[in-house]
Amino acid sequence: MKLNSIQALRAVAAMLVMIYHVRAIEMDAFLRNGLDDQPLVSLLIENGFAGVDLFFVISGFIMVYVTGEVRASLATSGAFLFARAARIYPVWWLFALIMTGYFFVAYGVPYDVERTVGGSALMAEQPWLHLVYSYLLLPQHSVPVFGLGWTLVHEMHFYLVFAVLMLMPRRFLPWLLGIWAAM
């Protein structure tokens, strides 16, 4: 079943994120050219990054809605995780590979040195770990090789915690979700 109101919220979230990025590009152009103008987009919105938060809320609602009637078991939890990983990782790996190739051709290294070195001492000493963490969407102090993947790192962590919660008896689920939300 398609929830039209959720689809409308997704459109609002996407437009908020798009406007936020347009504003950032406009601000950058002003700074580079020494202008002190106010961006046109500022008149419309300054907090477009809230669209990312809205996407996460929508994702959480959909996961609770879709899994509300499933039986708590290792099989259903595993199937849930597999379905999410199969949807995300192949496309992620394609774009991460493209970015890795870009960095290698443009800079001679397969990652963004400034972002990686600025992340943590471990990544600076062993920068290949940055690629491993990036491709597996593991949390790290720097952004993944393809910067937009930072949201996917959080999304995969969210899926993992949700899959663990799916193993719990249903009578405890509202309490566990409430505790998780409070944390």
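What share of the contacts in the chain with a separation of 6 or more comes from residues 24 or more positions apart? The figure is 61%, where a contact means heavy atoms within 4.5 Å. The structure is a predicted model, in which local features need pLDDT of at least 70 and side-chain atom pairs count only at pLDDT 80 or more, while totals for chains, interfaces and linings use all residues. Residues are numbered from 1 along each chain as its sequence is written, and side-chain values use heavy atoms, with hydrogens and water left out.

The chain contains 8 helices and 0 strands, giving the pattern α-α-α-α-α-α-α-α along the sequence. Helices (H or I, at least four residues) and strands (E, at least two) are DSSP runs, numbered from the N terminus. Of the 183 residues in the chain, 29% are buried; this term stands for under 20% relative accessible area, with exposed for over 50% and partly exposed for values in between (1.4 Å probe, protein chains only). The chain exposes about 12,000 Å², and carbon and sulfur atoms supply 70% of that area. Accessible areas come from the Shrake-Rupley method with a 1.4 Å probe, and for residues only the protein chains shown count as cover.

The largest nonpolar core has 18 residues, and Phe-80, Leu-137, Val-145, Met-156 and Tyr-159 touch the most other members. Such a core is a set of buried Ala, Val, Leu, Ile, Met, Phe, Trp, Tyr and Cys residues joined through side-chain atoms within 4.5 Å. Helices α3 (74-107), α6 (128-136) and α7 (150-165) each supply at least two residues of this core, and the largest share, 6 residues, comes from α3. Leaving aside residues up to four places away in sequence, Tyr-159 touches Ser-59, Met-63, Phe-80, Leu-81, Arg-84, Arg-87 and Ile-88. Tyr-159 also forms one aromatic cluster with Phe-80 and Phe-162.

Helix α6 deserves a visit of its own. Its buried residues include Leu-129, His-130, Leu-131, Ser-134 and Tyr-135. Ser-134 has a relative accessible area of 0%, so this serine counts as buried. Beyond residues up to four places away in sequence, Ser-134 touches Trp-92, Gln-140, Pro-144 and Val-145. Just after α6, Leu-137 takes a positive phi of about 55 degrees.

Rings of Phe, Tyr and Trp (its six-membered ring) pair if their centres lie within 6.5 Å; planes under 30 degrees apart count as stacked, over 60 as edge-to-face and the rest as tilted. By this rule there are 10 aromatic pairs. The ring centres of Tyr-102 and Tyr-107 are 6.1 Å apart and their planes stand at 90 degrees, so this pair is edge-to-face. Tyr-102 is partly exposed at 41% relative accessible area, whereas Tyr-107 is exposed at 56%.

Across the whole structure, the search finds 1 salt bridge, meaning a side-chain nitrogen of Lys or Arg within 4 Å of a carboxyl oxygen of Asp or Glu. Asp-28 forms a salt bridge with Arg-32, and the closest N and O atoms are 3.0 Å apart. Both residues lie in helix α1 (residues 4-32), 4 residues apart, about one turn of the helix. Asp-28 is partly exposed, with 38% relative accessibility, and Arg-32 is exposed, with 60%.
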